[in-house]
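This report describes selected strands and a ligand site of one structure. Please consult the sequence and the model shown here while reading.

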Amino acid sequence: MADLPLGVHDHDSAEGLIPVDVARARVLDAIQVLSPLQLPLTESHGCVSAEDVVAAENLPSFASSAMDGFAVRSSDVAEATPERPAELKIVGRALIGHRPEVTVGGGEAVAIATGAPVPSGADTIVPVENASVLGEFVSLVEAARPGRHVRPVGEDVTEGTVLVERGKRLGGPELGLLANAGHAAPLVHPRPRVVVLSTGDELIPPTESPDFGQIRDSNAYSIFGGLREAGAMPVLAGIVRDDADSLKQTVLDYLIQADAFISSGGVSVGERDVVKAAFFRRGDIDFYKVAMQPGMPQGFGHIEGKPYFGLPGNPVSVFVSFELFVRPAMLTMMGRTHVDRPHVSATLASEVSGPKGKMQYARVVVERTAEGWVATPTGGRGSNLISTVARANGLAMIPPGTETAPTGSPVDVMVFRPGED
Ligand code: AMP
Ligand code: MG
């Protein structure tokens, strides 16, 4: 507000404001998926595969027994019953992890453990429950068809088939499959490393006690959590004073280890604001106002090709801007295609009012009741009230044109803690 006379404010005017959807599309259109990297399996967890991963071999690669028992020829036991058991000679033992040294001939059996390779000559397994050993002989009391209790080669995966499709996110089962198939370093879109800066002469770290007028930096931590939850890797660069040169220098110092930057504060109305002062002349970052409450002033652009998000300073504005612009951008960088939070249609438990020309984001607890979803606001409208976010699980969206959404009115709610208690 530095450029406006005292007492004049432009918060309720819709002039020069960009609709939220337009602002969001501008950001997302300018975001590129990070170039793929081969990462060790454990590091690739949660990342999106950048290619169709093709099986180079059959899985399993050898036929093995699914039971403890005897490997035999099915023709030898075709007529076996408890009354007329088949009597076969035990000629050896098939061990797990070893190539069997014996071959099963007519009238012969090899003792076999679950998972051991089936010796050549045998085509079926008679489980130990249907066998009784008498010295060198085993008597088998049940007929077995060919292939019974044998895990055949390629039963799980045949060579040349796609194990994991391009675009698939790697969870535990995918990691297990890739490990089994010998793909120890899959090609994935990596997690962005995101440098987080807090601007403001008034800020101190949470470990310190404020002098009068100072406040503890909370934005760095809510952004940190949001990044982690999105799967990105935050790097906290700390507090930067309201001095354009310091901000520029800090950004340059971190350039080499950053895939993106997020700063909070210093993007308001006055050109004295530090982020504007540091970057607006270079034309790298656009500063604009979005028709939303909270979170109206925004900066976005690129520094040396790396996306830079200049978020406003107020903690609730930071949270809402993160949810609307930063989170989907992070997911896009990671190659994710579904970047939206789930939405529910709810009924407002109490009225919400705000500026008419903007999309209002009211922090609510949204709960399912017998009558459907109900959204209860968690507190005041002030964009400094971070506790209203901490208590909420959703953002109720009151579209432009509505000044007051009355109790009982329908509302669209974006759920930011889906599936949590
Ligand atoms: P600014 O846009 O820099 O004027 O910041 C707007 C408001 O947000 C001011 O009241 C700041 O003190 C507050 N603010 C800015 N940065 C932070 C931060 N990192 N943590 C908490 N509050 C902040
Ligand atoms: Mg500031």
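## Strand pairing at the sheet edge

In this predicted model, L134 has F137 of β11 as its bridge partner. Strands β10 and β11 (residues 137-140) are antiparallel and share four bridges. Strands, like helices, are DSSP runs numbered from the N terminus (E, at least two residues, for strands; H or I, at least four, for helices), and two strands count as paired if DSSP finds at least two bridges between them. Strands of a sheet pair through backbone hydrogen bonds, either parallel or antiparallel.

Both strands belong to an open sheet of six strands with mixed pairing, ordered β9-β6-β8-β7-β11-β10. Its edges are β9 (124-127) and β10 (131-134), each of which pairs on one side only. On average, neighbouring strands of this sheet are turned by 40° against each other, with direction ignored; the axes are lines fitted to C-alpha atoms, for helices over the stretch in contact, and angles run from 0 to 180 degrees between N-to-C directions.

## The enclosed strand β22

Strand β22 (residues 297-303) is largely enclosed by the rest of the structure, because six of its seven residues are buried. Buried denotes under 20% relative accessible area, exposed over 50%, and partly exposed the range in between (1.4 Å probe, protein chains only).

Strand β20 (residues 285-290) runs antiparallel to β22 and is joined to it by five bridges; here K289 stands opposite P297. Five bridges also join β22 to the antiparallel strand β23 (residues 306-311), where P307 is the bridge partner of H302. β22 and β23 form a hairpin with two residues between them, and E304 in the turn has a positive phi of about 50°.

## The site of ligand 1

Ligand 1 is surrounded by 16 residues (a heavy atom within 4 Å), the closest being E202, D217, S218, G266 and G313. The shell comprises three nonpolar, ten polar and three charged residues. Nonpolar covers Ala, Val, Leu, Ile, Met, Phe, Trp, Tyr, Cys and Pro; charged covers Asp, Glu, Lys and Arg; the others, Gly among them, are polar. Strands β15 (193-199) and β17 (215-216) each supply at least two shell residues.

The side chain of S268 places an N or O atom 3.1 Å from an oxygen atom of ligand 1. Backbone N or O atoms of G313 and N314 each lie 3.2 Å from an oxygen atom of the ligand. Of the 480 Å² of accessible area that ligand 1 has on its own, the protein covers 76% (Shrake-Rupley method, 1.4 Å probe).

## Basis of the values

Residues are numbered from 1 along each chain as its sequence is written, while chains are lettered from A and ligands numbered from 1 in the order in which they are written. Local features need pLDDT of at least 70 and side-chain atom pairs count only at pLDDT 80 or more, whereas totals for chains, interfaces and linings use all residues; side-chain values use heavy atoms, leaving out hydrogens and water.

Terms used
A polar contact is a pair of N or O atoms within 3.5 Å; within protein, one must be able to donate a hydrogen and the other to accept it, and residues adjacent in sequence count only if both atoms are side-chain atoms.
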